[in-house]
Each structure stands twice: as C-alpha cells, then as structure tokens.
Number of protein chains: 2
Amino acid sequence: MGSHYNGESEQQRALDCFIKLLRATESVNTEVHKSVFAEGLSESQFGILEALLHLGTLNQNQIAKKLLKSGGNITLVIDNLVKQGLVSKEKRSEDRRFYWIDLTDKGRRLIEHLFPRHAENITKRMAVLSPEEQILLGKLCRKLGKNNKQ
Amino acid sequence: MGSHYNGESEQQRALDCFIKLLRATESVNTEVHKSVFAEGLSESQFGILEALLHLGTLNQNQIAKKLLKSGGNITLVIDNLVKQGLVSKEKRSEDRRFYWIDLTDKGRRLIEHLFPRHAENITKRMAVLSPEEQILLGKLCRKLGKNNKQ
DNA sequence: ATAAGATACTTTAATATTAAACTATTATAT
DNA sequence: ATATAATAGTTTAATATTAAAGTATCTTAT
C-alpha cells in the first residue's frame, strides 16, 4: 500500500463525493423550483423577486453580488421582469449611475404568494434528512464552500 | 413552544441547509472547472468529452441521459464540438435514426491531457474535508438525491 | 479645476438550456 | 401490408450566462 495506491484512493473518494454533491444539488434544486416554473418564472427571475421581498429596494450591482451573477446578466433578467410588470427600475437624482429596482404591486403580490410555497417545497424535500443530518450537511457544505486557496 | 414554532424552526433549518448546499456546490464546481475554461472548453463540452473517454462511442440519446440534459441541447453542444474537430458524428447502416459520436484523435489527446488535471483539482478542493467527512457528505448527498416522492 | 481612475450599467458575441413542434426512421398491432 | 406508435434527432423561440468592450457618472489626486 504505497503512496501511489493511497493517492488513487484519495482521488477516487474525492471524485465520488464531488459527483454525488453535484447530482444531489441538481436534483433537489430542480424539483424545488417546479412551482416557480409553473408560474412562468425562471429561477433567476424568482431569485431577484425573492431578494427584493426580503431586502427591499436594491440597485443592480447589489443584486448581482447577492446572486453571484454578472452585471450583464442582471441587466437582462431585470429588463425581462420590467416587461412583465413585476419590478420597477428608476434612476434617482442622488447618484445617476445607479438604477434602483423595486417590486411593483403586481410583483409583490406574486412573490408573497409564491415564497411560502417555495419554502414548503424545500422543507418537504429536505425532510428526507433528519434535523441532525440537515445540520451536519449544512456544516460540511459551509466548510467546503469556504474558498481557502493560499 | 407549540407546533407553529416547531414548523418555523423546521423550515428555517431546511432553508439554511438548502442555501448552504447550493452555494457550496456552485463554489466548488466553478473553481474546479477553471482549468477546463482556460482551455477554451465549456463545462458541457468537457462533460461530453469525458463521457466519451470513459464510456467509448455513444449516441446523442445516451449522452443526454448521462448528462441529464435535453436532446436539443446535446445536438447543439455536439455540433460545436464537431466544428472544433474534437468529436466525430456519423450515421451507420444498422439503425439510421442514430448518430454515433466518438472522440477524434485531437479530441482524445485533449481530454486525456485535461482529465488528470481536472481530477487533481477536485481532489485538492475536496481535501478541505477529511476522508471521513467526504464519505459522510457523499452519503448525505446520496440520501438527499434520491427522488422519493410518493 | 481638471485629469485620471473608479463605479454602475449596457451591449455584443458566444455558448447553454429547455419545451414544443417538427422530420426521419424503426417497431408493432391488426 | 399498412396504419399507428415509438424512438432519435433537429429546429425554433425564449431565457440565461459570461467576458469584454463600451458609455455615463461620480470621486480623487494634483
């Protein structure tokens, strides 16, 4: 059992864990968003409406950072939400570089209707794991998610 | 501490675990594919080359199922790989509904060069977790990934 | 005061992704 | 035999996504 064997075994374990992580996340995420898709919203559109509901008025830069997406992407998704009458986009006099994005009444009604159902979907799906397992999974993900390159 | 409180607490735990899972997966996946992007390949293109390397000649339907993507998507990504001269696409006489996809010499050289580096990247990144933690994470993901709707 | 740099957003070009409607080919039921 | 169904792949229209190059606005250094 030399170092070569151990190296291969370590790699096998890492690849196996990695692929399971990808597949599980993909599966849960797709299933959880079904009720969102059924309402004609994309995952990105829903993400922006949700951020506006919980954080209030935001500019596009804040939204891009919150959702970890590029600025160009946010421009497009916001414009599609504006076309659907779900959010408003306006420049204010303070600093004319910013656009301020907010929910319209229609957008607020929609996300207030959708979010509780979404949270329930997540809760039901995660209930495959016990409370302790969920806490453990969260801790492992937090450790893994930390970007510790030196 | 009535059932309402417990319901909220259960939901909080589930949402917290869910968001950590999404973020960690996104972070690891993006970082791990950096050397792939640096070679001018997309994640999907790399996925197809990898499948062909490990499984041999496949038709588009098999590739779609393996990568959990739609048929239309596979048509496009394969055509882009054909344009780059990395895979071949041919109909055979047996059943003329199928296109058979295989690595070209150029494609094989590329993926044989890239895959070991990719596996190393995954191994390095997953090494944030101990071997035991990786095994545990894999088990939790496997349990979670199972689509048990009744 | 003004030039240089930073910040916010847009546009473009390329790839990805899906659903739905489509064509072509093969299998099956009568 | 032939109509019907199933299977493999394509096309289209819509949305997403990024990087890179561009515009507009504000801040800072001199």
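1. Basis. The model is predicted, so that local features need pLDDT of at least 70 and side-chain atom pairs count only at pLDDT 80 or more, whereas totals for chains, interfaces and linings use all residues. Residues are numbered from 1 along each chain as its sequence is written, chains are lettered from A and ligands numbered from 1 in the order in which they are written, and side-chain values use heavy atoms, with hydrogens and water left out.

2. Surface near DNA strand D. There are 25 residues around DNA strand D, of which A:Ser42, A:Ser44, B:Asn61, B:Thr75 and B:Lys89 come nearest; a residue is near if one of its heavy atoms lies within 4 Å of the strand. By class, the residues of this surface divide into 13 polar, 7 charged and 5 nonpolar (Ala, Val, Leu, Ile, Met, Phe, Trp, Tyr, Cys and Pro count as nonpolar, Asp, Glu, Lys and Arg as charged, and the others, Gly among them, as polar).

3. Of the atoms of DNA strand D within 4 Å of the protein, 82% belong to sugar or phosphate, and the rest belong to bases. Helices here are DSSP runs of H or I with at least four residues, and strands are runs of E with at least two, numbered from the N terminus.

4. The two chains. A rotation of 180° with 0.0 Å of shift along its axis superposes chain B on chain A, with an RMSD of 0.0 Å (least squares on the C-alpha atoms of residues with pLDDT of at least 70 in both). That is the relation of a two-fold axis. Because 100% of the interface residues of chain B are also interface residues in chain A, the copies meet through the same surface (contact means heavy atoms within 4.5 Å).

5. Sheet of chain B. An open sheet of 3 strands has the order β1-β3-β2 with antiparallel pairing, where two strands pair if DSSP finds at least two bridges between them. The edge strands, each pairing on one side only, are β1 (58-59) and β2 (87-90) of chain B. Strand β1(B) is joined to β3 (residues 100-103) of chain B by 2 bridges, and B:Asn59 has B:Trp100 as its bridge partner in β3(B).
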